[in-house]
Amino acid sequence: MKKLYGFLRILLWCFIGVFLGSSLYQYLDYKAHPGLYEMQSAPWYTAIQIRGLFTVVLVVITLAVMAIIRKKMK
């Protein structure tokens, strides 16, 4: 159980890191090429919001599984 708990902890931080990295990349790309984002009907940050919502769902599920494992380890 400790190995699974450790793996889930690493997975949790990977989800957060991927979200932060991709959001930073999109922001920097927007600053470098604002004309490309003006052609879209949605604001440039819409994709960041969608990824953020998806990341929150994954983090909540992972934390729930980690809580169940922590209860079983005690």
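Seven residues of helix H3 are worth a first look: Ile-48, Gly-52, Thr-55, Val-59, Thr-62, Met-66 and Ile-69 are buried (under 20% relative accessible area, with exposed over 50% and partly exposed in between, using a 1.4 Å probe and protein chains only). This is a predicted model, where local features need pLDDT of at least 70, side-chain atom pairs count only at pLDDT 80 or more, and totals for chains, interfaces and linings use all residues. Residues are numbered from 1 along each chain as its sequence is written, and side-chain values use heavy atoms, leaving out hydrogens and water.

**Helix H3**
- The buried residues of H3 pack against helix H1 (2–32); helices here are DSSP runs of H or I, at least four residues, numbered from the N terminus.
- An α-helix has 3.6 residues a turn, so residues three or four places apart point the same way.
- H3 has 28 residues and spans 41 Å from first C-alpha to last, close to the 40 Å expected (1.5 Å times one less than the number of residues).

**Met-73 and Met-1**
- Met-73 sits in H3 (residues 46–73) and counts as partly exposed because its relative accessibility is 37%.
- Met-1 is in the segment before H1 and counts as exposed, at 52%.
- Though 72 residues apart along the chain, Met-73 and Met-1 have C-alpha atoms separated by 6.9 Å.
- Setting aside neighbours within four places in sequence, Met-73 is in contact with Met-1, Lys-2 and Tyr-5 (heavy atoms within 4.5 Å).

Technical notes
Helix = DSSP H or I, 4+ residues; strand = E, 2+ residues; numbered from the N terminus.
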